[in-house]
Amino acid sequence: MALHKNEIIPLTIESLSSDGSGVGHYEGEAVFVPATAPGDVLQARIVKDCKHYAFGIVDKLEAPGPGRVQPDCPVYRPCGGCCFRHLSYEAELAAKQSFVADAFSRIGGLEIPMLPILPSPLPQRYRNKVQYPVALSPDGHIVTGFYAGRTHNVIPCSDCLLQPDVLNRIAQSVCRLLEQYHVSVYNEQTGKGLVRHIFLRQGYHSGEILVCLVANGRSLPHSREICEALQKEFSSIVGILLNVNTKRTNVITGPESILLAGREFLRDTLCGVPVELGPLSFYQVNTPGAEQLYGVAREFAALKPGDLLLDLYCGMGTIGLSMAADCSQLIGVEIISEAVESARRNAAAMGVQNARFFCADAGQAAAQLAEEGLAPNCIVLDPPRKGCDQTTLDAVLKMAPPTLVMVSCNPATAARDVRYLVDHGYTAQKVQAVDMFARTKHCECVVLLSKSHPETV
């Protein structure tokens, strides 16, 4: 029996889907309802029926589930950035553990021992990077915040709980200064106006902050006065830049950044590796969480003196360099040339002399190294969300290292790739879920694969 739009049905939420929605069943049909918790008893209003499943919203909550809590953010619902603020952190972790286990079981067809999920060291204010869109409020004031779900309508937010307090305060100060000096803000509908986004980065260990204003132009009126005011108010600001993005696009940043004050980068460390970050550098947004994640990868790799480590999709080299002391040789491969240069500088700054970094596509480089007869003892794979490509996986199989460690920000593609490796002779020994993005739907995992007999966990 098909459900109809605006029909109200009784529903009990049984579990959470990987996008954070609650899932219940009505007359055999799955119904997905956002902002619900397992155990919630409610009346759901159907907003869309797709024959075999439907989407709904809460019309009336009759009894809360055991993990439901009062959201601690006033713009939680319209903002949509944090899909789990209505859950206790313990309930969120349990859901994410099940997401990872479900991906490997359902997508990969694999039953792999799952270690208990590691919580984020900081469940609040952990992000070292934030990109705030800028807009005019109805009363004409410059505001910043975040886009409402599936829209480009800015929901004003003066204190996002995912961002360090100082970054929120800098954003508010920038808005006041833009108003004070009558600097226009960008309008997506007309393509007119100047400032599009406020982009901030902070070094977790160093405390250094980089301010970048994304602009629809190559100059900022009253830039000297604005920069001086910001640096006077916030002594931790080490550089202020103007990023040029004049295209009618949803992409936030453009390729060019112009230095307005201070220096073009901030300094920090990750797993003891010194890093220099510009506005466009890729970097994990949760530094203590990343150190925990990479620590798991290092433990799984279990390198020995004399080992050769191949780090594919190496970025700035952080994972490999954090293990360089454990092995005799490190080879890193990354397609982004700026990241490769950063990796080389990081190695030099650490005094690491047993590392080489190449700028190449991971799959092509892996295939070339396999042709050359390279025999790594361990390969670390840290692919983007889309996972590894076929060339990479086949080259890994050709090199046949005893140990493979996969670090993934997408359990679904990780499960797919691990299935392929298992089908070609590897044993998946264990999976460790790691919460890097507390209060959001995202979860990372680390997988250990081996050519040897399964390890007892």
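Q: What does glycine 207 touch, leaving out residues up to four places away in sequence?
A: Glycine 207 touches Gln202 and Ser236. Contact here means heavy atoms within 4.5 Å.

Q: What kind of model is this?
A: This is a predicted model: local features need pLDDT of at least 70, side-chain atom pairs count only at pLDDT 80 or more, and totals for chains, interfaces and linings use all residues. Residues are numbered from 1 along each chain as its sequence is written, and side-chain values use heavy atoms, with hydrogens and water left out.

Q: Okay, where is glycine 207?
A: Glycine 207 is in the loop between strand E11 (195-202) and strand E12 (209-215). Strands (E, at least two residues) and helices (H or I, at least four) are DSSP runs, numbered from the N terminus.

Q: Why does glycine 207 count as partly exposed?
A: Because its relative accessibility is 22%. Buried means under 20% relative accessible area, exposed over 50%, and partly exposed in between (1.4 Å probe, protein chains only).

Q: New topic. What order do the six strands of the open sheet take?
A: The order is E1-E5-E6-E4-E3-E2, with mixed pairing. Two strands pair if DSSP finds at least two bridges between them.

Q: And which are the edge strands?
A: Strand E1 (8-12) and strand E2 (15-16); each pairs on one side only.

Q: How many bridges join E5 to E6?
A: Eight, and the two strands run antiparallel. For example, arginine 45 has isoleucine 57 in E6 as its bridge partner.

Q: What about aromatics: how many pairs does the structure hold?
A: Five aromatic pairs. Rings of Phe, Tyr and Trp (its six-membered ring) pair if their centres lie within 6.5 Å; planes under 30 degrees apart count as stacked, over 60 as edge-to-face and the rest as tilted.

Q: Why is the pair of phenylalanine 32 and tyrosine 53 edge-to-face?
A: Because the planes are at 90°, with the ring centres 6.2 Å apart. Phenylalanine 32 lies in strand E4 (residues 29-33) and tyrosine 53 in strand E6, so the pair ties together parts that are 21 residues apart in sequence.

Q: Then what about phenylalanine 32 and phenylalanine 55?
A: Their ring centres are 5.8 Å apart and their planes are at 35°, so that pair is tilted. Phenylalanine 55 is in strand E6, 23 residues from phenylalanine 32 in strand E4.

Q: Which residues form the aromatic cluster?
A: Phe32, Tyr53 and Phe55 form one cluster.

Q: Is phenylalanine 55 buried or partly exposed?
A: Partly exposed, at 32% relative accessibility.
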